[in-house]
Structures are given as C-alpha cells and as structure tokens.
Amino acid sequence: MALPSIDKTSKYEKKQHGSNDFPFIVYHTQIPRFIYSYPLHWHDEMEIIIVQKGSCIVTINTTAHTIAEGDMAFIMPGMLHAIDQDTSNEAVYFNIVFDLRILGSSDGSDSCFEKNLRPYLDGSVLLPPVLHGDHPFAADLSYHLMALVEHRRQHDSGIELFIKAHLLSLFWLLIPLRSKAVQNISDASHRTQIQKMKELLHFLDSNYTRAISLGEAAAFCGYSTSYFMKFFKSFTGTTLVEYLNQRRLKRAAELLTDTDDTVLAISEATGFENHSYFIRLFKRYYGTTPYQYRRRNS
C-alpha cells in the first residue's frame, strides 16, 4: 500500500526518493566529479551521509561541518542543508534518504513508532549533526549503513525487510545519542528565519528559469535589500546570484545526462540568456564543458 501523500507544494526539493510505496534510496556521489555542490534545500525525508573517501562540507541550517572519511552526518526531516566541496579536496560519499514512516504505522496505532520514531518527525528530539569516525559508536553504526550501501542495487523479494532490519538496528544504536530539543526565545526567532528561508527557496526553485533581481527577492521576504543580503548569506554562505547560478547549473547537468536536448536549448531552459556565459560558468563549476560532461556521464 502506498504511504500517505505529503503536500509538496511548499517544499523546495520535490524529487521522489525511492518509490512511493517504499521511499528509501541510496545515492552515490563524488564531488566535484558528479556535482560541484548541492545548494541549500530540504525535504521531509531523513538523510544520513557517510563519507567513503576525501572530505566535504555539510551545512545544516546555518552551521558548516567538515566531514571526512568514516564520518557521518545526520539530517533530520525538514532541516535545511547543503553539501559543498572542501577547498580543492575531492569527496566520495553516500546519501541514505528515507521516509521514517517505512519503519512503522504513523496513524497512532503503533506504540513502538510513536515512542521511538515519531519524535524525529515532530522535531522533539535531535541527533548530533555529525559523528566522526573515531566515535565509540561509529563502527557499529557504520556496519549497518554500509550494509545498506552495499545492497543498494538489489531488488530481490524481501529486500524491504533487509532495509528495515538495518534501519531499526541503527535507530536502536542511536538512542543514547538522542537529545531533547530545547526551545527558547532566540530559538523561536531562528525558527522564524528558517521558515522564511524555506519559503524563499521554494520561490527561487519555482522561478529560477527567469531573471530574479535582488530587489524582488528582498521584497518577497519583506526585507530591505541590505538586510536581505546578510540574511541570505548567513544561510547559504553565498550571494543570490551565485546561488541561482548553482541551481541553474545543477539542473543543466541533469538535463545533459537525462535528455538529448542541445546544449543551447538547455542553457536557455535553465535561465541563462547568454550561451557563452553559460559555457564559461559550467566549466568553472564542473571543470569541463557541457559537451564533455555529457559524453563522460552518458
């Protein structure tokens, strides 16, 4: 039976992770070969990142964390996060993305789910954002994560049981690391800003194929342009123009591998009015031309 649908109209990332019946998937990513960076976004699913080689920077809400081989990052449902290259270093890592509701009934009838997993969905408990490879729990956690990674391409009958078994074991191991979310006045203000940022990201994601001025984005948030620039950089670490270019280039890279559209058509479809500028910018971010990128990744 398909899981209850989630309203995606207010969500930045609309991508389906796994199937509607079983929303679980493992992504294998290399920075900068596959992507230069993954711009700030969020989704309702939980995400666990484990680094296989090298290092990268994971930003969760407004805090940047450098994670290296053996380290793992825990991103709670609904948390803003981004992944970027660590200076000139490369990184190979896996993203395990899943809807917590695959692990039990969320209609209130499953006491195990309500007691142990519901708190992650409603934000009443938190996990440490990063667990380094030398942590006492790291080896046991890594065992279950790598089991999921190694079987990520299997579609045998009963694979869902294998996935659930490892995820449930993982959450059992994580119990000692849980902490209650403490809220105060400054947290309330920060949550308001996070919500404002989510609304802005949805607006940008819906309109990135056209020109969006600094004034328009600031007006959307109800801020002056000077305050908006500080607000935006505090979350993304970059400017509005740079963020939009990253978003456009990421979509262009997807279209280069998933379609047969011409490079010119893709540059226009992703909001670049100047084709030569698109080529230069793409090469700066991906280290290769769009034509070479398509040949290499197709």
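Are R247 and D205 buried or exposed? Keep that in mind while we take a walk through the salt bridges of this predicted model. Searching the whole structure turns up six of them, and we'll visit a few. The idea behind the tour is simple: side chains with opposite charges can pair when their charged atoms come close.

**Stop 1: R247 and D205**

Select R247 and D205 and show their side chains. They meet in a salt bridge, with 2.8 Å from N to O. Now colour the helices: R247 sits in helix 8 (residues 240–258) and D205 in helix 5 (residues 185–207), so this pair ties together parts that are 42 residues apart in sequence. And the opening question? Both R247 and D205 are buried.

**Stop 2: K250 and E254**

Stay in helix 8 and pick K250 and E254. These two are four residues apart, which is about one turn of the helix. Their salt bridge brings the closest N and O atoms to 2.7 Å. How does each partner sit? K250 has a relative accessible area of 12%, so K250 is buried, being under the 20% cut-off. E254 comes in at 26%, which makes E254 partly exposed.

**Stop 3: R118 and E114**

Last, jump to R118 and E114. Here is another salt bridge, with the closest N and O atoms 3.1 Å apart.

Technical notes:
Residues numbered from 1 in each chain as written. Predicted model: local features only at pLDDT ≥ 70, side-chain atom pairs only at ≥ 80, totals over all residues. Heavy atoms only, no water. Salt bridge = Lys/Arg side-chain N within 4 Å of Asp/Glu carboxyl O. Buried < 20%, exposed > 50% of the residue type's maximum accessible area, 1.4 Å probe, protein only.
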